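This report looks at the chain as a whole and then at one of its sheets. The sequence and the structure are shown below.

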Amino acid sequence: MNVTFRQLKVFEAVARHLSFTRAAQELHLTQPAVSMQIKQFEEATGLPMFEQVGKKIFLTQAGKEMLHYSRNIRSELNEAEEVLEQLKGGQRGHLDIAVPTTANYFATRLLAAFARKFPDVTFSLDVTNRASLLLQLEQNEKDMVIMGLPPTEMNLETHMFMENPLVVIASPNHPLANQKRLELSDLANESFVVRERTSGTRIAMQRFFSERGIEFKTSIEMTGNEVIKQSVQAEIGLGIVSVHTLELELETGRLVILDVKQFPILRHWYLVHRHAKRLSPVAEAFREFVMENADKFITRPEL
Ligand code: PGA
């Protein structure tokens with residue numbers, strides 16, 4: 001059946017008013033234009049939609065059936081229009097992001113706050129290591145990635161949204177735990193439990209020490225923040241982690257932050273995607289939300 005949306009609209013108006021004149025007024029058309037649309041509509045459907053008895057027009061049985069369907073079609077179309085508008089405005093859609101394990105401590109809070117504002121948006125959150133984040137960026141797989149150290153060799157768009165200070169942590173029983181204003185040289189003889197080689201935290205820490213000509217003992221290497229914190233609690237050595245990973249341990253007193261001059265190592269968190277990427281409206285809305293609100297939803301201990 002080769003009918004147009006325009007014919008459906010005109011048919012529906014005539015059927016509602018049971019008058020060509022009033023339908024024409026409503027649609028800002030001339031009456032002959034309305035009659036022409038109805039004639040074409042009847043030709044396309046193969047049946048008359050109206051019958052005239054005296055001065056009145058009535059819907060035929062075919063017209064009554066058609067009215068039912070044309071109302072459904074128009075209401076579906078309106079709904080489709082509304083959904084597309086919401087997609088355009090970022091109110092609806094899917095957000096696919098990836099974050100390093102270090103950002104997991106706050107990313108879920110950010111997503112929860114975003115979800116309260118945009119209840120029709122669905123999410124995927126991949127919490128993974130830096131190597132996998134780099135691969136996902138390379139292959140342009142995610143809407144957006146959160147990183148502490150965006151790679152320089154890829155053409156990326158980066159938006160800095162929050163500080164990411166790195167601190168030295170120790171067991172509360174450690175001899176340096178209660179000392180004030182420690183020098184970097186006081187750490188020189190300590191063992192450090194360090195993150196895996198590819199971790200942003202590890203790279204930043206190594207850069208920091210090597211820029212200051214300091215070598216420290218990195219006898220123990222472990223993958224992920226949790227195991228570093230556990231090892232430091234077990235007094236295997238000192239650790240260097242993002243302050244965002246420490247909320248629980250500081251609250252319960254299981255770990256302390258050492259008061260070392262020149263610390264914290266100041267870093268930042270970035271929202272990252274490939275430069276040429278066309279962000280979806282939801283991804284745009286998320287970026288805007290994070291840039292404006294990150295500090296409101298993410299708390300960290302004062303340093
Ligand atoms: P990571 O965290 O140490 O878990 O890779 C990211 C970063 O701080 O750059």
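## The chain as a whole

In this predicted model, contacts in the protein chain between residues at least 6 apart in sequence are joined in 75% of cases by residues at least 24 apart. The secondary structure comes to 10 helices and 12 strands. The radius of gyration of the protein chain is 32 Å, whereas the globule rule gives 19 Å for 303 residues, so the chain is more spread out than a compact globule. Along the principal axes, the C-alpha atoms fill a box of roughly 105 × 40 × 25 Å.

Of the 303 residues, 44% count as buried. The protein chain exposes about 16400 Å², and carbon and sulfur atoms supply 49% of that area.

## An open sheet of five strands

Five strands form an open sheet in the order β4-β3-β5-β12-β6, and their pairing is mixed. At the edges lie β4 (120-128) and β6 (156-163), each of which pairs on one side only. From one strand to the next, the twist averages 25°.

Strand β3, which spans residues 92-100, pairs with β4 in the parallel sense over nine bridges. Within this pairing, Leu95 has Phe123 in β4 as its bridge partner.

## Helices packed on the sheet

Helix α6 (residues 130-138) packs on the sheet and touches β3, β4, β5 (144-147), β6 and β12 (268-274), with its direction making about 145° with that of β5. Helix α10 (residues 281-297) also packs on the sheet, touching β3, β4, β5, β6 and β12, and the direction of α10 makes about 30° with that of β6.

Definitions and conventions. Residues are numbered from 1 along each chain as its sequence is written. This is a predicted model: local features need pLDDT of at least 70, side-chain atom pairs count only at pLDDT 80 or more; totals for chains, interfaces and linings use all residues. Side-chain values use heavy atoms; hydrogens and water are left out. Two strands pair if DSSP finds at least two bridges between them. Helices (H or I, at least four residues) and strands (E, at least two) are DSSP runs, numbered from the N terminus. Axes are lines fitted to C-alpha atoms, for helices over the stretch in contact, and angles run from 0 to 180 degrees between N-to-C directions. Contact means heavy atoms within 4.5 Å. The radius of gyration is taken over C-alpha atoms; the globule rule is 2.2 Å times the number of residues to the power 0.38. Buried means under 20% relative accessible area, exposed over 50%, partly exposed in between (1.4 Å probe, protein chains only). Accessible areas come from the Shrake-Rupley method with a 1.4 Å probe; for residues, only the protein chains shown count as cover.
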